[in-house]
Amino acid sequence: MARAGVDLGGTKIQVVVVDDAHTVLGQARVPTPGTGGPEAVVTTIAGAVRAAAAEAGLDPGSLTGVGMGSPGAVDQAAGTIALARNVQPDWVDPFPMAARLQAELGPPAAVGNDVRVATDAEAKLGAGVGRASFLGVFWGTGVGGCLVIDGTPFEGRGAAGEIGHTVIELDGARCPCGRRGCLEAYAGRAAMEARARHLAEQGRKTSLLAIMRHHDKPRMTSGVWARALDDGDELATHLVRRAVRALGAGIASAVNLLDVEAVVLGGGMGIRLAPDWLPEIQKEMLPHLFVAERPPALVVAALGDLGGAVGASLLVA
Ligand SMILES: [Zn+2]
């Protein structure tokens with residue numbers, strides 16, 4: 001028996017087809033359409049699920065279910081997604097994603113919050129196994145977060161874990177959420193891209209835009225940032241360092257409040273930049289940790305780039 005998991009992101013859509021042991025049998029990764037609204041997203045997802053099923057040697061109709069993790073306001077019971085502006089700028093109203101996917105592909109579909117399903121995957125299959133409490137931090141287009149406390153996901157009244165919108169600087173930079181001084185205003189990939197474009201327009205030298213064009217990317221993806229860093233690009237290095245300082249302060253503040261035993265770093269930027277930057281984030285946390293002699297373990301998400309999709313597949317396991 002096999003099922004599909006879909007990770008819908010601001011820059012890419014990752015699909016996996018897994019078996020009952022959560023082993024990946026096939027996968028597909030496609031860019032998120034930049035226009036066309038949620039209907040264009042459905043068409044793209046359905047195509048990617050078909051491609052992943054084909055790689056697994058399966059007919060998409062034979063899948064036992066399709067689970068999808070999404071940003072925005074996800075109503076799991078209704079199967080709808082609203083306010084997914086990171087995906088499509090005009091995606092405001094609730095869209096019946098589960099019903100549309102089922103209509104396109106056949107198997108029953110379910111939707112869940114992207115950060116929640118990725119954390120669930122880490123808790124059950126990845127870096128969270130054996131840990132009673134941890135904070136998942138997903139450094140991507142935005143900065144998402146999710147909490148597991150005493151072995152149980154903690155959701156508060158439904159919106160707990162929004163570490164990206166904790167304030168790290170009063171009257172600070174404008175956040176994509178409209179407020180000021182949020183962690184995401186400094187560390188979110190979208191905010192970093194906006195800042196890079198603004199500074200480039202003002203004459204700051206950078207290879208970021210050229211790399212983006214060269215690789216035919218509509219956005220400054222984590223790969224674009226990684227290449228610019230490898231080139232020693234000064235502006236990219238400055239903005240990533242600024243993001244890492246912000247992450248250090250934000251994560252340390254969350255740890256001061258919750259005293260979790262580990263912090264699991266995921267997300268497109270987190271996974272891509274962790275090899276070089278995880279120790280830097282740890283270093284930037286230390287000055288802000290109230291109990292500095294006992295820092296939490298800071299580890300990279302064990303399921304890597306596929307964690308979101310594998311986690312989404314657990315919705316229909
Ligand atoms: Zn914000």
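Colleague: In which sense do β1 and β2 pair, and over how many bridges?

Modeller: β1 and β2 pair in the antiparallel sense, over seven bridges, where two strands count as paired if DSSP finds at least two bridges between them. Helices (H or I, at least four residues) and strands (E, at least two) are DSSP runs, numbered from the N terminus. This is a predicted model, in which local features need pLDDT of at least 70 and side-chain atom pairs count only at pLDDT 80 or more, while totals for chains, interfaces and linings use all residues. Residues are numbered from 1 along each chain as its sequence is written, and side-chain values use heavy atoms, with hydrogens and water left out.

Colleague: What's the strand order in the sheet?

Modeller: The order is β3-β2-β1-β4-β7, five strands forming an open sheet with mixed pairing. β3 and β7 (109–113) are the edge strands, each pairing on one side only, and from one strand to the next the twist averages 15°.

Colleague: And which strands does α1 touch there?

Modeller: α1 packs on the sheet and touches β1, β2, β3 and β4, with its direction at about 150° to that of β3; touching here means contact, that is, heavy atoms within 4.5 Å. The angles run from 0 to 180 degrees between N-to-C directions, using axes fitted to C-alpha atoms, for helices over the stretch in contact. α2 also packs on the sheet, touching β4 and β7, and its direction makes about 145° with that of β7.

Colleague: Why does the length of α1 agree with what a helix of 19 residues should span?

Modeller: The end C-alpha atoms of α1 (residues 37–55) are 28 Å apart, which agrees with the 27 Å that 19 residues should span at 1.5 Å a residue, because the expected span is 1.5 Å times one less than the number of residues. After α1 comes Gly57, whose phi is positive, near 75°.

Colleague: Which residues of α1 are buried?

Modeller: Among them are Val41, Val42, Ile45 and Val49, where buried means under 20% relative accessible area, exposed over 50% and partly exposed in between (1.4 Å probe, protein chains only). Their cover includes β1 (2–8), β2 (12–19), β3 (24–31), β4 (66–70) and α2 (97–105).

Colleague: Switching topic, how many disulfides are there?

Modeller: The count comes to zero disulfides, a disulfide being a pair of cysteine sulfur atoms within 2.5 Å. Cys175 is buried, with a relative accessible area of 3%, and Cys182 is buried too, at 1%.

Colleague: Last one, how is the protein divided into domains?

Modeller: Domain 1 covers 2–117 + 307–316 and domain 2 covers 130–301, with bounds from an automatic or database domain assignment. Their C-alpha centres lie 25 Å apart, and nine residues of domain 1 are in contact with 13 residues of domain 2.
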